[in-house]
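These are my notebook entries on one structure.

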Amino acid sequence: KQIQRHLNPIWTVLSGSLFILRVPTEKLFKSSGLSFFVFDHDVFSSDFLIGKITVPNKDVLNGTGERKEYPLFTKKGSLFGASLALRFRPATDADVYFLRQLRKGSYLNATRHSWNKSTYGVNASTSSLPPRLRELSFMKRDSKLNKASNQREMRVKPWPDPFRIKSTRWLTNEKLHEECMKPGTHWVEMGSGGIGTLFLEILHADNLPNLDVSHLGIISGKTDAFCSILFEDCLANTDVINDTCQPKWMPWAQRNFIFRIKHPSSQLFLGMFDYDSESKIISHDPVGRVGVNLANFHPMMDYTLEYRLYNTANLYHRRARGTVTIRLRIEWDNNRLALLHPRHQPKQFHVGT
């Protein structure tokens with residue numbers, strides 16, 4: 001579909017950005033590549049060709065879904081600064097189902113297919129989900145040397161994939177990061193709103209301070225991190241990742257949340273904590289926090305975002321206490337209601353902590 005009056009157009013699923021190509025490999029290699037043409041639509045005459053690109057066959061076949069930018073060319077040469085961003089990856093059965101539902105005009109049915117078989121709900125009247133802790137023995141090591149590959153491997157926390165236990169019990173740092181960036185497989189649905197849905201994944205945190213230090217300066221381990229999420233009438237928590245200042249939450253862990261939205265201007269609040277299991281009165285040590293304004297995001301788009309964590313709202317004389325990386329997407333059930341709701345103030349919610 002055409003994007004009107006914009007020099008930096010963004011195509012989404014609803015504006016026709018997703019395609020599945022059924023092309024035999026032999027036919028693809030006989031061609032010079034996959035060509036894309038960018039036009040300026042003209043109502044009164046023929047459309048004007050702005051530029052084109054030809055993507056090499058190897059980029060199409062070896063694509064993993066990562067975004068790549070290709071410069072646009074005209075007959076006279078390249079357009080200075082103009083480019084087209086594309087993603088390629090092998091299609092799955094879920095992708096085929098998604099497009100089939102999309103052509104029928106059912107976007108919500110298409111998106112829900114990716115999580116409805118592995119989703120459980122939290123009662124709307126008691127929308128509070130505590131952090132899950134897996135106690136690990138001090139005798140269990142966090143890393144080991146793989147003699148076959150001569151690479152250092154890390155223990156996957158809090159536990160390996162239930163469907164791939166053997167292959168996901170130990171992973172290298174590179175594989176661990178690659179695994180945590182994959183789409184979530186187990187989701188928790190919360191909230192009682194009715195105008196839209198917020199999909200949120202807590203992916204990883206980096207450079208957190210070590211809070212497992214006694215007042216005498218004795219280091220007993222590293223931070224046992226978990227993320228607390230506050231949105232409207234819901235309070236959710238991720239799994240606890242023991243003994244690391246670089247926690248990574250796997251797709252099968254308690255990290256994927258679906259919030260039913262009451263008001264489009266509601267803010268999302270994230271807090272990182274160090275889990276304290278020895279305290280008689282559970283009082284987890286705060287690491288840092290951040291507020292996310294959801295009004296800044298376009299619906300039907302996936303955003304991967306990194307935020308700095310601070311332990312104070314004071315803008316002066318504060319230092320970041322690490323970062324948290326999240327992925328989110330917003331969907332509106334009714335665009336008209338989403339536009340009209342900002343005329344009214346969001347409802348206040350009181351949360352005891």
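I count two strands as paired if DSSP finds at least two bridges between them. Helices (H or I, at least four residues) and strands (E, at least two) are DSSP runs, numbered from the N terminus.

I note that this is a predicted model, in which local features need pLDDT of at least 70 and side-chain atom pairs count only at pLDDT 80 or more, while totals for chains, interfaces and linings use all residues. Residues are numbered from 1 along each chain as its sequence is written, and side-chain values use heavy atoms, with hydrogens and water left out.

**Entry 1: a sheet of four strands**

I looked up the strand order S12-S11-S14-S15 and found an open sheet with antiparallel pairing. S12 and S15 are its edge strands, each pairing on one side only. On average, neighbouring strands here are turned by 20° against each other, direction ignored; the axes are lines fitted to C-alpha atoms, for helices over the stretch in contact, and angles run from 0 to 180 degrees between N-to-C directions. I then followed S14 (residues 267–274), which pairs with S15 in the antiparallel sense over eight bridges. Which residue of S15 stands opposite Leu268? I find Val292 there.

**Entry 2: a sheet of three strands**

A second open sheet has the order S6-S7-S8, and its pairing is antiparallel. Strands S6 (143–146) and S8 (170–171) stand at the edges with a single partner strand each, so one side of each is left without a neighbour in the sheet. I found four bridges joining S6 to the antiparallel strand S7 (residues 151–155). Across from Asn146 I see Gln151 in S7.

In the loop between S7 and S8 I stopped at Pro158. The peptide bond that leads from Lys157 to Pro158 is cis, with omega near 0°.

Lys157 also forms a salt bridge with Asp142, and their closest N and O atoms are 3.3 Å apart. I use the term for a side-chain nitrogen of Lys or Arg within 4 Å of a carboxyl oxygen of Asp or Glu. The pair links distant parts of the chain, 15 residues apart: Asp142 is in the loop between strand S5 (119–121) and S6, and Lys157 in the loop between S7 and S8.

For burial I take under 20% relative accessible area as buried, over 50% as exposed and anything in between as partly exposed (1.4 Å probe, protein chains only). Lys157 is buried at 10%, whereas Asp142 is partly exposed at 26%.

**Entry 3: strand S17**

Is strand S17 (residues 323–332) largely enclosed or open? Ten of its ten residues are buried, so the strand is largely enclosed by the rest of the structure. In a regular strand, side chains alternate between the two faces of the sheet. On one side of S17 I list Thr323, Thr325, Arg327, Arg329 and Glu331, on the other Val324, Ile326, Leu328, Ile330 and Trp332, all buried.

Ten bridges join S17 to the antiparallel strand S10 (residues 196–206), where His204 stands opposite Thr325. Six bridges join S17 to S16, again antiparallel, and the bridge partner of Leu305 is Ile326.

I count eleven salt bridges in the structure. One of them joins the side chains of Arg329 and Glu331 (2.8 Å, N to O), and both residues are buried.

Arg260 and Asp333 meet in another salt bridge (2.5 Å, N to O). Arg260 lies in strand S13 (residues 256–261) and Asp333 in the loop between S17 and helix H6 (335–340), so the pair ties together parts that are 73 residues apart in sequence. Arg260 is buried at 13%, and Asp333 is partly exposed at 31%.

**Entry 4: positive phi**

Glu232 has a positive phi of about 50° although it is not a glycine. I placed Glu232 in the loop between strand S11 (225–231) and strand S12 (234–237); the residue is buried at 8%. Met300, also not a glycine, has a positive phi near 65°. Met300 sits in the loop between strand S15 (285–293) and strand S16 (303–308) and is buried at 12%.
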